[in-house]
Amino acid sequence: MAEAAQSNAELLEWPKKDKRRFLHAVYRVGDLDRTIKFYTECFGMKLLRKRDVPEEKYSNAFLGLALNNPILFFSCDSLIIYYGVTSYDIGTGFGHFAVATPDVYKLVEDIRAKGGNITREPGPVKGGTSVIAFVKDPDGYSFELIQRASTPEPLCQVMLRVGDLERSIKFYEKALGLKLVKKVDRPEHKYTIAMLGYAEEHETTVLELTYNYGVTEYTKGNAYAQVAIGTDDVYKSAEVVNIVTQELGGKITRQPGPIPGLNTKITSFLDPDGWKTVLVDNQDFLKELE
């Protein structure tokens with residue numbers, strides 16, 4: 001028993017030593033070409049890869065926001081369209097993505113000129129100095145635009161709502177090695193947010209978890225799918241997740257191993273609220289984009 005506990009304690013240190021980073025967010029859209037056009041023209045994204053998989057009746061595309069060279073890149077969206085499906089339910093649990101830009105006002109005007117849907121005009125946040133705006137893409141996904149002079153990760157946030165914030169923070173710290181970089185309580189608006197990342201908020205993509213007072217469950221819909229995070233060892237990472245899910249909830253949904261026909265090694269799991277994460281072998285993922 002003591003040996004097993006020691007072995008688990010050593011294993012739980014792995015996420016802190018691993019080379020982790022957010023790779024991309026995955027979500028479903030109704031018209032892939034329309035969405036690619038919107039993201040490339042309005043957000044300045046680059047199409048990194050587009051692939052059709054007719055035997056499984058879907059197509060997907062990777063779009064990045066800051067491609068530095070053919071291999072190294074930052075901030076990537078992975079879009080999926082299933083044949084014959086033109087709309088999806090976003091649900092009440094998914095919040096938004098966030099994009100950092102040097103000039104929110106200019107970006108909003110560019111998006112407006114291209115027919116984009118501005119849902120919050122640019123300006124300072126209430127009680128603060130940060131300049132933000134909100135827009136929606138053609139499928140109804142909400143994007144927060146955040147003004148920052150410079151950032152290595154332009155796709156800087158994925159916001160999800162959770163039913164027990166302390167449990168979720170503990171889960172992501174232990175299962176993924178994420179660090180709590182900011183926590184803000186807004187009792188006047190009855191919510192609390194927590195930002196978790198592998199570096200400070202302005203240096204990396206963060207997972208923003210939101211707890212609304214008294215709300216413990218949300219609908220997931222079928223639109224947003226998951227975030228993907230890189231790892232140097234999907235097998236060891238899956239062992240860690242298995243230990244953490246036994247303590248805090250959630251479950252492994254795909255045992256570690258290569259994807260048939262692609263050979264990229266992955267594992268996937270659900271957190272206690274049912275949000276999905278996929279851990280992807282770092283080297284295999286880079287080969288996919290070659």
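Predicted model: local features only at pLDDT ≥ 70, side-chain atom pairs only at ≥ 80, totals over all residues.
Colleague: Thanks! Where does the charged end of Lys236 sit?

Modeller: Here again a lysine sits over a ring, with the charged end of Lys236 4.6 Å from the ring centre. The ring belongs to Trp14.

Colleague: Let's turn to rings with rings. How many aromatic pairs does the structure hold, and what is the geometry of Phe38 and Phe43?

Modeller: The structure holds 20 aromatic pairs. For Phe38 and Phe43, the ring centres are 5.7 Å apart and the planes stand at 85 degrees. Planes over 60 degrees apart count as edge-to-face, so the Phe38 and Phe43 pair is edge-to-face.

Colleague: Is Phe43 buried or exposed?

Modeller: The relative accessibility of Phe43 is 9%. Buried means under 20%, so Phe43 counts as buried.

Colleague: What kind of pair do Phe94 and Tyr224 form?

Modeller: The centres of the Phe94 and Tyr224 rings are 5.1 Å apart, and their planes lie at 25 degrees. Planes under 30 degrees apart count as stacked, so this pair is stacked.

Colleague: How many residues apart are Phe94 and Tyr224?

Modeller: Phe94 belongs to strand β5 (residues 94-101), while Tyr224 belongs to strand β13 (residues 224-231). Phe94 is buried at 4% relative accessible area, and Tyr224 is buried at 5%. The pair links distant parts of the chain, with a separation of 130 residues.

Colleague: Which tryptophan belongs to the cluster that ring pairs build around residues such as Tyr27 and Phe97?

Modeller: Ring pairs link several residues into this cluster, including Phe38, Phe43, Phe94 and Tyr224. Tyr39, Tyr141 and Phe143 are also among them.

Colleague: What is the separation of the C-alpha atoms of Leu65 and Met45?

Modeller: Leu65 is placed in strand β3 (residues 58-67) and is buried, with a relative accessible area of 14%. Along the chain, Leu65 and Met45 are 20 residues apart. Their C-alpha atoms are separated by 4.6 Å.

Colleague: Last one: how are helices α5 and α6 oriented, and what is the handedness of their crossing?

Modeller: The axes of α5 (residues 165-176) and α6 (residues 234-248) come within 9 Å and cross at roughly 160 degrees. Angles over 145 degrees count as roughly antiparallel, so α5 is roughly antiparallel to α6. The contact includes Phe171 of α5 and Val244 of α6. The crossing of α5 and α6 is right-handed.

Note on methods:
Residues numbered from 1 in each chain as written. Heavy atoms only, no water. Phe/Tyr/Trp six-rings, centres within 6.5 Å; stacked < 30°, edge-to-face > 60°. Buried < 20%, exposed > 50% of the residue type's maximum accessible area, 1.4 Å probe, protein only. Helix = DSSP H or I, 4+ residues; strand = E, 2+ residues; numbered from the N terminus. Lys NZ or Arg CZ within 6 Å of the ring centre and 35° of its normal. Axes fitted to C-alpha atoms, helices over the stretch in contact; angles between N-to-C directions. Parallel < 35°, antiparallel > 145°, perpendicular 65-115°, else oblique. Left-handed = near helix turned anticlockwise from the far one by under 90°. Contact = heavy atoms within 4.5 Å.
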